[in-house]
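Please consult the sequence and the structure alongside the text.

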Amino acid sequence: YTTAYSVDKVVAFYKDKLGPKAMTTQTGNSALVQTSGSNGMISITIGADGDSGKSLITVTSIAK
């Protein structure tokens, strides 16, 4: 996915949606937001696209 929102805004959005157990790792213009539970794991990678100025989002869901 792509969005015009900044990496920081996208991280805040997913942290809010995934709840207090969400873990975030952020370095420079990229971030990883993860959470896991009894149904599996969700991993969201967010990075800035320097050419377009947009944020790129990859969502991965691994079910148990």
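## Overall fold

The model is predicted. Its protein chain contains 1 helix and 5 strands, arranged along the sequence as β-α-β-β-β-β.

The C-alpha atoms occupy a box of roughly 40 × 20 × 20 Å along the principal axes. Of the contacts with a separation of 6 or more, 30% join residues 24 or more positions apart.

The largest nonpolar core comprises 10 residues: Val 7, Val 10, Val 11, Tyr 14, Ala 22, Ala 31, Val 33, Ile 44, Ile 46 and Ile 57. At least two residues of this core come from each of α1 (7-18), β3 (30-37) and β4 (40-48); α1 gives the most, with 4 residues.

Beyond its neighbours within four places in sequence, Ala 31 is in contact with Val 7, Val 11, Thr 25, Gln 26, Ile 44, Thr 45 and Ile 46.

## A buried serine

Ser 43 lies in strand β4. Its relative accessibility is 10%, so Ser 43 counts as buried, the cut-off being under 20%. Apart from neighbours within four places in sequence, Ser 43 is in contact with Leu 32, Val 33, Gln 34, Thr 58, Val 59 and Thr 60.

## Surface and charge

The accessible surface of the chain is about 4500 Å², and carbon and sulfur atoms account for 53% of this area. The chain carries 6 positive and 4 negative charges, whose mean positions are 13 Å apart.

Definitions and conventions. Residues are numbered from 1 along each chain as its sequence is written. This is a predicted model: local features need pLDDT of at least 70, side-chain atom pairs count only at pLDDT 80 or more; totals for chains, interfaces and linings use all residues. Side-chain values use heavy atoms; hydrogens and water are left out. A nonpolar core is a set of buried Ala, Val, Leu, Ile, Met, Phe, Trp, Tyr and Cys residues joined through side-chain atoms within 4.5 Å. Buried means under 20% relative accessible area, exposed over 50%, partly exposed in between (1.4 Å probe, protein chains only). Contact means heavy atoms within 4.5 Å. Accessible areas come from the Shrake-Rupley method with a 1.4 Å probe; for residues, only the protein chains shown count as cover. Lys and Arg count as positive and Asp and Glu as negative; His and the chain ends are not counted. The place of a charge is taken as NZ of Lys, CZ of Arg, CG of Asp or CD of Glu.
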